[in-house]
Amino acid sequence: MRGLVAVSVIIWHTMLILIEPISTLIRIAPINIFYAGNEGVIFFFILSGFVMSLPFFKKDIEYSEFLIKRFFRIYIPYLLMILFTFLLYFLFKDIQINGLTGWYYRKWDTPLDVKTFLEYIGSIGIYPTSYNPVIWSLIHEMRISIIFPIIMIMIKKYNWKKSLSIGFMLYLVGQLNEWFHIQESHGAHLSLFDTSHYMYFFIIGALMAKHKDELINAVKKYSVTKKVVLTVIAFLFYLYSRFYAWIVRVLFGTDSILMDFSYSIIDLGVCIGASMLIILVLSSKKIQNRLSNPILVLTGNLSYSLYMLHIPILLVVFRLLYGKISLIIVIFVAYALIFSLSYLTYKYIEIPSMKIGKNLATKRAKSLQSKTV
């Protein structure tokens, strides 16, 4: 699932390079499952909450042990890939081409100063993300990782209704910034209020993990017809919640107070659809077998690197080749490089970094255990 979502994000950003604005017709077409980039990020957040929470249900996880693993899982690969992004920026930023979209030209359009460089290295602040736009979601991932053990105390202590209610209150706190503009987000939803907003999806993922057996068993009892209906509903929520803002704008105008809620309502609708799809997949052996295809599994393993590397590589390849050879070949070369470099990054950066984190966390756990004894 992670791999498929990562690919949809890559296709979405490729389209933004070539077509802007994306027409309503393109967005409403059923095939937009293949380029649902914004929706893919919500999917990632829910999956992160689901996967991160699983060890907490098996044993008590010490805070420093968890943080060490997350640091080496997320930050170290992030740091090296960001440095690679800046290297590409310095090497290729001056190459000029014509005929692409405003979205493309807004990337790498300002000089990189020391302050911005250090902010990227720090990774959890609020700063422009034009050098690699996808990192906004990684910033939230790292912020939420810092407090995730506290979230898990709540999840384990309270029932799902109370946890969901607390999570929804955090979600509404995130909405406050949309109304009152308390903290600037640099156009990329990077404020601390946005972190509160996205935290809700991690909570939902964790709750799904806590109750996965009950949810899976309940869906397995449904008739084929009911499962088909649920699947259709899930896709409708996932793919078409974005049209809330368009409908409000057409019916009530841009000044309607309903527009103020669009950010929260759209993401909530996508969240409902993504959550339903995850449970439907987990309840079907047939679908799981199809998703266990080695290529899809490998793509899932590469998803972090694919996500982090695809925009810098697209920017470079289009700078070098666009207008000189067939567009299809340009895209083929870009995708070949994205997947090849992602594989190398996964094998030689992500895996070693995860092993170091696991070893250090194990040593830390043993040290604490010996002190307790």
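**Close-up views of a predicted model**

**View 1. Trp108 in the loop between helices H5 and H6.** Trp108 is found in the loop that runs between helix H5 (102-105) and helix H6 (114-122). The model shown here and in the following views is predicted. Most residues other than glycine have a negative phi. Trp108, although not a glycine, has a positive phi of about 60 degrees. Its relative accessibility is 5%, so Trp108 counts as buried, the cut-off being under 20%.

**View 2. Thr101 in the loop between helices H4 and H5.** Thr101 lies in the loop between helix H4 (63-92) and H5. With a relative accessibility of 7%, Thr101 counts as buried. Leaving aside residues up to four places away in sequence, Thr101 touches Leu16, Ile17, Leu18, Ile19 and Glu20.

**View 3. The crossing of helices H7 and H9.** The axes of helix H7 (residues 135-157) and helix H9 (residues 192-210) come within 8 Å and cross at roughly 50 degrees. The two helices, H7 and H9, are therefore oblique to each other. H7 passes H9 in a right-handed crossing. On the H7 side, the residues in contact include Trp136, His140, Ile144, Phe148, Ile151 and Ile155. Among those they meet on the H9 side are Leu192, Tyr198, Met199, Phe202, Ile203 and Lys210. By class, the residues of the contact of H7 with H9 divide into 15 nonpolar, 2 polar and 5 charged.

**View 4. The crossing of helices H3 and H7.** Helix H3 (residues 37-58) and H7 have axes that come within 10 Å and cross at roughly 40 degrees. H3 and H7 are therefore oblique to each other, and their crossing is right-handed. H3 contributes Val41, Phe45, Ser48, Gly49, Met52, Ser53, Phe56 and Phe57 to the contact. The residues of H7 in this contact include Trp136, Ser137, His140, Ser145, Phe148, Pro149 and Met152. The contact of H3 with H7 has 10 nonpolar, 6 polar and 2 charged residues.

**View 5. The largest nonpolar core and Met308.** The largest nonpolar core has 101 residues. Tyr78, Phe148, Phe201 and Met308 are the residues with the most contacts inside this core. Helix H16 (residues 303-321) supplies the largest share of the core, 12 residues. Not counting residues up to four places away in sequence, Met308 touches Tyr78, Met81, Ile82, Asn132, Val134, Ile135 and Leu138.

Key: Residues numbered from 1 in each chain as written. Predicted model: local features only at pLDDT ≥ 70, side-chain atom pairs only at ≥ 80, totals over all residues. Heavy atoms only, no water. Axes fitted to C-alpha atoms, helices over the stretch in contact; angles between N-to-C directions. Helix = DSSP H or I, 4+ residues; strand = E, 2+ residues; numbered from the N terminus. Parallel < 35°, antiparallel > 145°, perpendicular 65-115°, else oblique. Left-handed = near helix turned anticlockwise from the far one by under 90°. Contact = heavy atoms within 4.5 Å. Nonpolar A, V, L, I, M, F, W, Y, C, P; charged D, E, K, R; others polar. Buried < 20%, exposed > 50% of the residue type's maximum accessible area, 1.4 Å probe, protein only. Core = buried A, V, L, I, M, F, W, Y, C linked by side-chain atoms within 4.5 Å.
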